[in-house]
Amino acid sequence: MKTPTKQKGGKREGAGRKKTTEKRIMFGASSEVLGILEGIEGNKSEFINKAILAYSNNK
């Protein structure tokens, strides 16, 4: 009689979350900002990143 081998678990290539350079932060949004963000179609993080970069370049 053969001993059953384990078939579950262990490291698998390509498994898990992909690495990113992003860091998640939290902030308090005013009701005015919240209204703007709720109206955004698509990726809100991308919108916020672009807005911050545009603001910092205009200073």
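**Group meeting: a walk around helix 2**

Hi everyone, let me begin at the start of helix 2, where a side-chain oxygen of N43 comes to within 2.9 Å of the backbone nitrogen of S45. That is a polar contact, meaning a pair of N or O atoms within 3.5 Å, where one must be able to donate a hydrogen and the other to accept it, and where residues adjacent in sequence count only if both atoms are side-chain atoms.

Before going on, a word on the model: it is predicted, local features need pLDDT of at least 70, side-chain atom pairs count only at pLDDT 80 or more, and totals for chains, interfaces and linings use all residues. Residues are numbered from 1 along each chain as its sequence is written, and side-chain values use heavy atoms, with hydrogens and water left out.

The protein chain has two helices and zero strands; these are DSSP runs numbered from the N terminus, H or I of at least four residues for helices and E of at least two for strands. Helix 2 has 14 residues, and at 1.5 Å a residue it should span 20 Å, which agrees with its end C-alpha atoms being 20 Å apart. The expected span is 1.5 Å times one less than the number of residues.

Now, which side chains meet in a salt bridge? They are E46 and K50, at 3.2 Å, N to O. The term means a side-chain nitrogen of Lys or Arg within 4 Å of a carboxyl oxygen of Asp or Glu, and the structure holds one. Why can such side chains pair? Opposite charges can do so when their charged atoms come close. Here E46 and K50 are four residues apart in helix 2 (residues 44-57), so about one helical turn separates them.

How open is this region? E46 is partly exposed at 42% relative accessibility, while K50 is exposed at 53%. Buried is under 20% relative accessible area, exposed is over 50%, and partly exposed lies in between, using a 1.4 Å probe and protein chains only. F47, also in helix 2, is partly exposed at 34%. Its C-alpha atom is 8.6 Å from that of L37, 10 residues away along the chain. Over the protein chain, buried residues make up 3% of the 59 residues.
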